Amino acid sequence: MMRNLSASHSFGLFVTSPIFLANNRSSLTLFSPSTRRFPPSIQCAAQFRPCIDIHKGKVKQIVGSTLQDLKGGDDGSDPVTNFESDKSAAEYATLYRRDGLTGGHVIMLGADPLSKAAALEALHAYPGGLQIGGGINSDNCLSYIEEGASHVIVTSYVFNDGQMDVGRLKDLVQIVGKKRLVLDLSCRKKDGKYAIVTDRWQKFSDVFVDPGVMEFLANFADEFLVHGVDVEGKKLGIDEELVALLGKHSPIPVTYAGGVTGMADLERIKSAGMERVDVTVGSALDIFGGNMSYEEVVAWHAQQRAHVV
């Protein structure tokens, strides 16, 4: 039975900020970061999380910051594409299943029927092994779990109109459960802080990735997924400052994506993230047209897992 999240929590700081919508339905509170302690369950080694990004039914690697709500026309508004695969999403899912990689994510970069169909084929090819995101809301979230997703990943539905809609967040938890929910905190630098971005990373919210926000949201999610949008898809190197922030302050498992160019970046993430931040690699991998060996990354992953206690 799911516990009542609106009761039983007595946190140190009431939410009075305007970033929280007025219809949040209950008085909500935050832990004080100064009193926070890491739970003993947090893993002690960085690991590799695979990805399958789907755009118009095809597996692609694109520069995420160039995504828009496209109408499908040839109006010059298509995103910058680094790679388009001739393999299906299901084939990538089968590969990840073969190599025992869990916790990877399937992202639908559009709400079109072809992308949804491809995503479902991936879930069917690796039941329980993949998370799914892209257009997830309270109406459809459970259907993806029933189709084989281990978790649903949510951003825009919760960070709505620039604010955090805790009412929607609580609805999601009531439907699928905390243990099946991943919050996407993908962010861009704004005034020296990391603002969560929504709607295909085009809109800045008024919510920032900071210790207090992560502590609060950890009560509603099993994991965080964080793309460093300023470097994502550009193969220009990781956002080490963001990785360090996540490693120091995330109270639940967190996966970072963005800017990985080679094996040295995996070690940088491992170090900067205090061995508490997992990593996704996209455009740099040879299976996505890059120069970084997928097999070598899988071997690195196995080495990290060998040291997890």
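In which loop does Lys56 lie? Lys56 is placed in the loop between β3 (51–55) and β4 (58–62), where strands (E, at least two residues) and helices (H or I, at least four) are DSSP runs numbered from the N terminus.

The model is predicted, so local features need pLDDT of at least 70 and side-chain atom pairs count only at pLDDT 80 or more, while totals for chains, interfaces and linings use all residues. Residues are numbered from 1 along each chain as its sequence is written, and side-chain values use heavy atoms, with hydrogens and water left out.

**Positive phi in loops**

Lys56 is not a glycine, yet its phi is positive. Asp161, also a residue other than glycine, has a positive phi and sits in the loop between β9 (159–160) and β10 (163–164). Accessibility is given as relative accessible area (1.4 Å probe, protein chains only): buried is under 20%, exposed over 50%, and partly exposed in between.

| Residue | Phi | Relative accessibility |
|---|---|---|
| Lys56 | about 55 degrees | 33%, partly exposed |
| Asp161 | near 55 degrees | 71%, exposed |

**Nonpolar cores**

A nonpolar core is a set of buried Ala, Val, Leu, Ile, Met, Phe, Trp, Tyr and Cys residues joined through side-chain atoms within 4.5 Å. The largest one has 82 residues, and Ile52, Tyr96, Ile132, Leu185, Leu217 and Phe224 have the most contacts inside it. A second, separate core holds six residues, including Ile107, Leu109, Val182 and Leu225.

Contact means heavy atoms within 4.5 Å. Leaving aside residues up to four places away in sequence, Tyr96 touches Pro50, Cys51, Ile52, Leu101, Tyr126, Leu130, Ile287, Phe288 and Tyr294.

Helix α8 (residues 294–305) contains His301. His301 counts as buried because its relative accessible area is 6%.

**Cavities**

A cavity is a set of points on a 1 Å grid over the protein atoms alone where a 1.4 Å probe fits but cannot get out, and its lining residues have an atom within 4 Å of a point. Points are joined across faces, edges and corners, and the volume is the space filled by probe spheres set on them. By this rule there are two cavities of 30 Å³ or more.

The second largest cavity has a volume of about 30 Å³. Arg49, Gly103, His105, Gln131, Glu223, Leu225, Thr255 and Thr280 form its lining. This lining divides into one nonpolar, five polar and two charged residues; Ala, Val, Leu, Ile, Met, Phe, Trp, Tyr, Cys and Pro count as nonpolar, Asp, Glu, Lys and Arg as charged, and the others, Gly among them, as polar.

Technical notes. On a 1 Å grid over the protein atoms alone, a cavity is a set of points where a 1.4 Å probe fits but cannot get out, and a pocket is an open set with protein on both sides within 12 Å along at least five of seven lines; lining residues have an atom within 4 Å of a point.
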